[in-house]
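Reader: Please take me through the charged side chains of this structure, one question at a time.

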Amino acid sequence: MKKSETLLIKKKYAENIDEYIQKGGFLSLKKVLGDGIPPEKVIEEVKKSGLRGRGGAGFPTGLKWSFIPRDAEKKFLICNADEGEPGTFKDREILLYAPYLLIEGIIISSYAIQAEVSYIYLRKEYKWIYDRIYKAIRETEEIGFLGKNILGSSFNHRIKIFLGAGAYICGEETALLESMEGKKGFPRLKPPYPADKGLFGNPTVINNVETLANIPIIMEMGGENYAKIGVPKSTGTRLISLSGIVRKKGVFEIEQGKITIREIIEDLGEGVKENYHLLGVIPGGISAPPLLPDEIDITYDFESIIEKGSMSGSGAIIVFGFKEDKKNELLKFLKSAVNFFKEESCGKCTPCREGTWAINDILEKIEKRETQIEEGVEIIDGLYKKMKGLCACPLGESCAIITESFLKKYSDVLNLK
C-alpha cells in the first residue's frame, strides 16, 4: 500500500457528474437524507471516524461540529479553499478533479449542523477553477441534490462561491470571516470562536477542502471502519503536496502512519535529483520547522512529526538541498520564507508587524557577516518571547520559530562562505 496513490479520495475523481455517480457518488447523501439519518447521528459517525482537520491545526472535525448551538436560528458552513502557503497545492487537486465529492461533503456536513447556506471561500489565485466548481454546483442542483427538499427531506441547501482577494492571512478562519463581511482581512481576537459568533454573528463551521471531501467516504464506509485506516490518532488517508528537489513532484494520497517521510521521498518522489545534496525536509508547509536527513525515518502522521519538534500542518512536504558547491544558498532559501511572512503579515498586531521585519533584518546582517549565527539565534529567541501569545494569529510566531530552528540546525552550513 505504501506506493499506492489512489486510496480513498482519488478514487472519487470525476470529469463530470455522470462519471461521479457511476463511481458511487452521492450514495452517501442518499443514505443520509433518503434514510432520514438524524443530524446528531452524522456528527457521531464523524466523531467515531477520528477525522482531524486537514488544513493545519488538525482539530477533530466531529467535535468542532458539536460546538454549534442546535437552537440557533441561522448557521453557516464555510469551505476554506484559501490554501496560500508556498508549497501547498493539494486542495487545488480536489477542487479541480473531485468537485462533486467536495459538494457532496459540503451538503452532508451542512445537514449535520443544519445550515441552509454554505460558502466556498476560493482564493483569488484559483479564479481559473471558479467555472469548474460553479458548473459542478449547477449540475448538482439540476439533479435535485441541492435546493429545496433535497431527496424528499425537509432539508434545503444552497452553495455559494466567494472569491477572495489574494491575501494569505485570509486562510486564517477569523480573517476569512472579516473578509466575507466586507472588512479588511484582520484576524479576530478569540473568544468568541466562530462556532458561537461566526459569519455576520451567526454560529459558523469552517472546514478545509480536504476535510469536507472525506465526509462522503466516512458516511459510505462507516466511522468505525474509516478509523481502522491509518493509526489511532491519525486516521484515514491524507493528500500531500510534494515539492522541492525530488524527481517527481505532485499530489499523492498516503495512508497516515504507514509510510515514512524518507519513503515518500524515495518511493513517491522517486528520490532526490541527481547531484543534489539533501539538507532536510519541511514536513507541513513553511510554517513547520525543518527536519534533518537523520530525522525523516518517521511515519507521516500528526503525532510522529510533533514528537520530532515539527508538524504536518497543511500536508506540504518541501524537500530542500542544493548542489554540493551551492550549499551557501540555504540562507537565500530561509530569507525567501521569512520574506513571505513579512510581506503577508496583515499589520494588525505590533509584535507580528515589527517582529517579522526585525527577523528579516537579522538575516540580512548574517548574510553580510555583520552578525554571527549564534548572536542571531539569541536575538530571534528574544523576539519570539516577545511575540509568543501576543499575536492574534500564528503567522508572526511561525516566522520566529522556523527561523530560529533553521539557524540552530544549520549553523555549520550557514557559516559557509
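Reader: Is Arg123 buried or exposed?

Author: The model is a predicted one, and the relative accessible area of Arg123 in it is 14%. The limit for a buried residue is under 20%. Arg123 is therefore buried.

Reader: Which residue forms a salt bridge with Arg123?

Author: The closest N and O atoms of the pair are 3.1 Å apart, and a salt bridge requires such atoms within 4 Å.

Reader: How many residues apart in sequence are Lys190 and Glu172?

Author: Their side chains meet in a salt bridge, at 3.5 Å from N to O. Lys190 lies in the loop between helix 8 and strand 4, and Glu172 in the loop between strand 3 and helix 8, so the pair ties together parts of the chain whose separation is 18 residues.

Reader: Where does Lys409 lie, given its salt bridge with Glu295?

Author: The two side chains meet at 2.9 Å, N to O. Glu295 is buried, with a relative accessible area of 16%, whereas Lys409 is partly exposed at 25%. The pair links distant parts of the chain, 114 residues apart: Glu295 is in the loop between strand 9 and helix 13, and Lys409 is in helix 17.

Reader: How many salt bridges does the whole structure hold?

Author: Beyond these pairs, Arg54, Lys90, Asp91 and Glu210 are linked in a network of salt bridges. A search of the whole structure gives a total of 26.

Technical notes: Residues numbered from 1 in each chain as written. Predicted model: local features only at pLDDT ≥ 70, side-chain atom pairs only at ≥ 80, totals over all residues. Heavy atoms only, no water. Buried < 20%, exposed > 50% of the residue type's maximum accessible area, 1.4 Å probe, protein only. Helix = DSSP H or I, 4+ residues; strand = E, 2+ residues; numbered from the N terminus.
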